[in-house]
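I opened the model and made a few look-ups. My notes follow.

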Amino acid sequence: MNVSEKTKKSAEIYAKANDAFFDDDYDEALSLFTQLVALEPENAEFMLKRCSVYQKVNKLDLALKDAENALGLLKQGSRSLLARAHLQTGIILHRLDKYKEAQEHLEQSRELNATEKTLVTWLRKNADKLKTSEPNIQQPQPQSQPQPTNTNGLNTTARHEWFQNENFVTIEVFVKKIKPEDATIDIFERSLSFAVKLPTGSTYSIELDPLAHKIIPNESTYKILSTKIEIKLKKEMPGIMWGALESENDLGTMTTASSNTKNKSKDWNKVVQEVEDEKPEGEAAVNALFQQIYRDADPDTKRAMMKSFIESNGTCLSTNWTEVGSKKVETKPPEGTTLKKFA
């Protein structure tokens, strides 16, 4: 596979993987980002994307491994991407209750890019945990104290669903007999952080950042019930129906109906068919994929794409600034053709 074919294949998989991620189809997103990592093992961007998916499905050990691998790849690379890698590492370590190590990575992220999205929130959250955890001295437990051997029939896993009407987005986390002190819920204008300790001792968490649209935190509420936790987020713009819970570019749709429509009732096969019927083909499809990648990329990736495309006369497209930034990108015409220069 030549460079042009490899780049085109990566672009197609990347677009599908991002769509799956924003549709909360994490199994599909994980499969596709894993394909990208196998296709370009030196691409830290793909590694960090898979890291984000692992966090969503609470596979924190695998997420941490990807974050650390990305840091290794980025030692001499993009500052903005390196800042993201340190931020992701800090978030994972925080969720693993390793607050001191998390603080080191969060501060390194701030040094590289103080405006990194969600950094301020995580610095505050981690600082709060450091304050409460450092003074604590664990008292030895009496040897005769019996230890629990089961969860007395309580559920050991959790799941969540969401639905909406004109004014609220409601998230339901299905977990039984949870004590209020075992749940932590932080609601912000464009993010939601939720964590609950399960009877097994593990933690089920949801990190939504950014939310698809702005909400009003002081008008949002949550209830801890016997079989679930219900979180109601007040929409800043009533009447806008969100296309996803978490997104950077969701436009939403206007509605005048005050209907509660659960996401799981949507006929996704029909939606996919409609998209396939309308999607561009041939060169137009490739251009659309490249435009999506460029739109979602960090500044160094955009520079790499622009430089490689222009210098190679449209025969090469790279997303790796470390690879193309220090040298001219040569023209590489497709096999069986030759470069023809015009006076």
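**Notebook: Gln103, a helix pair, the repeats**

I started at Gln103 and skipped its neighbours within four places in sequence; Gln103 is then in contact (heavy atoms within 4.5 Å) with Leu123, Asn126, Ala127 and Leu130. Gln103 lies in helix α6, residues 99–112; helices here are DSSP runs of H or I, at least four residues, numbered from the N terminus. I checked burial next: Gln103 is buried at a relative accessible area of 14%, where buried means under 20% with a 1.4 Å probe, protein chains only.

Basis for my notes: this is a predicted model, with pLDDT of at least 70 needed for local features and 80 or more for side-chain atom pairs, while totals for chains, interfaces and linings use all residues. Residues are numbered from 1 along each chain as its sequence is written, and side-chain values use heavy atoms, without hydrogens and water.

How do α3 and α5 cross? The axes of α3 (residues 44–56) and α5 (residues 79–95), lines fitted to C-alpha atoms over the stretch in contact, come within 11 Å and cross at roughly 25°. That makes α3 roughly parallel to α5, a label for angles under 35 degrees. I listed the residues that meet: on α3 they include Leu48 and Cys51, and on α5 they include Ile91 and Arg95.

Over residues 10–43 I found 79% helix and 0% strand, with end C-alpha atoms 11 Å apart. Over residues 83–116 I found 79% helix and 0% strand, with the ends 7 Å apart. Strands are DSSP runs of E, at least two residues.

Key
Axes fitted to C-alpha atoms, helices over the stretch in contact; angles between N-to-C directions. Parallel < 35°, antiparallel > 145°, perpendicular 65-115°, else oblique. Buried < 20%, exposed > 50% of the residue type's maximum accessible area, 1.4 Å probe, protein only.
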